[in-house]
Amino acid sequence: MTAGSQRLDSLDVFRGLSIAAMILVSTPGTWTAVYTQLDHALWNGWTITDLVFPFLLFAMGAAVPFALARRRGTPRRVGRHIVRRAIILFALGLLLNAIEAATPLQWATFRIPGVLQRIALVFLAVAWLTEHTSLRTQIAVVAGARHRDVRRVCR
């Protein structure tokens, strides 16, 4: 941690590396000859590209308690901040999807899910868990989610 602040330097470095990796895999130079690790795995296996988004979500989840620490004095202020940030992220994602959509925009085929929308939902869930549950409950949620995922993959 940096002296006098609520920042974890290692988390900042990890987040920076995740963003750099995201930029690298999103702009590999030419899409006709992409290095294998800079492209998603077709179905089986994984590449470095497949780890970028989970790493980014991990960094965000780890940073939530630090980000909310200065607002903890007033629960109403924390809740308002969480909801506001989630709505802004979700709306920005919708805006980016609308910019990329074919014109005229048709709601029947408009793509709602996107990266920013998923980040907004994960932020909302993690912030709620961080603010409303005990550490023991948080560990149980993580362990339960991981156990369910492993069971589903192993079938």
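**Reading the model**

Mentor: The mean pLDDT of the chain is 82, and 90% of its residues reach 70 or more; pLDDT is the predictor's confidence in each residue, from 0 to 100. This is a predicted model, in which local features need pLDDT of at least 70 and side-chain atom pairs count only at pLDDT 80 or more, while totals for chains, interfaces and linings use all residues. Residues are numbered from 1 along each chain as its sequence is written, and side-chain values use heavy atoms, leaving out hydrogens and water.

Trainee: Where is confidence lowest, and where is it highest?
Mentor: The lowest mean is 69, in helix α5 (residues 135-154), and the highest is 91, in helix α4 (residues 115-132). Where pLDDT is low, the predicted coordinates should not be read in detail.

Trainee: How many helices and strands does the chain have?
Mentor: There are five helices and zero strands. Both are DSSP runs numbered from the N terminus, helices being H or I with at least four residues and strands E with at least two.

Trainee: What share of the residues counts as buried?
Mentor: Of the 155 residues, 21% do. Buried means under 20% relative accessible area, exposed over 50%, and partly exposed in between (1.4 Å probe, protein chains only).

Trainee: How many salt bridges does a search of the whole structure find?
Mentor: The search finds one, between the side chains of Asp12 and Arg15, at 2.7 Å from N to O. The criterion is a side-chain nitrogen of Lys or Arg within 4 Å of a carboxyl oxygen of Asp or Glu. Asp12 and Arg15 both lie in helix α1 (residues 9-26), three residues apart, about one turn of the helix.

Trainee: Why is Asp12 called partly exposed?
Mentor: Because its relative accessible area is 24%. Arg15 is also partly exposed, at 28%.

Trainee: Changing topic, which residues make the nonpolar surface patch?
Mentor: Ile88, Leu92, Leu95, Leu96 and Ile99 make a patch of about 470 Å². Patch residues have over 30% relative accessible area and no salt bridge; like charges are joined within 9 Å and nonpolar side chains (Val, Leu, Ile, Met, Phe, Trp, Tyr) within 5 Å. Accessible areas come from the Shrake-Rupley method with a 1.4 Å probe, and for residues only the protein chains shown count as cover.

Trainee: Where does Ile99 lie?
Mentor: Ile99 is in helix α3 (residues 75-100), and it counts as exposed because its relative accessibility is 62%.

Trainee: Which residues does Asp39 touch?
Mentor: Not counting residues up to four places away in sequence, Asp39 touches Val34, Thr47 and Thr49, a contact being heavy atoms within 4.5 Å. The C-alpha atoms of Asp39 and Thr49 are separated by 5.9 Å.
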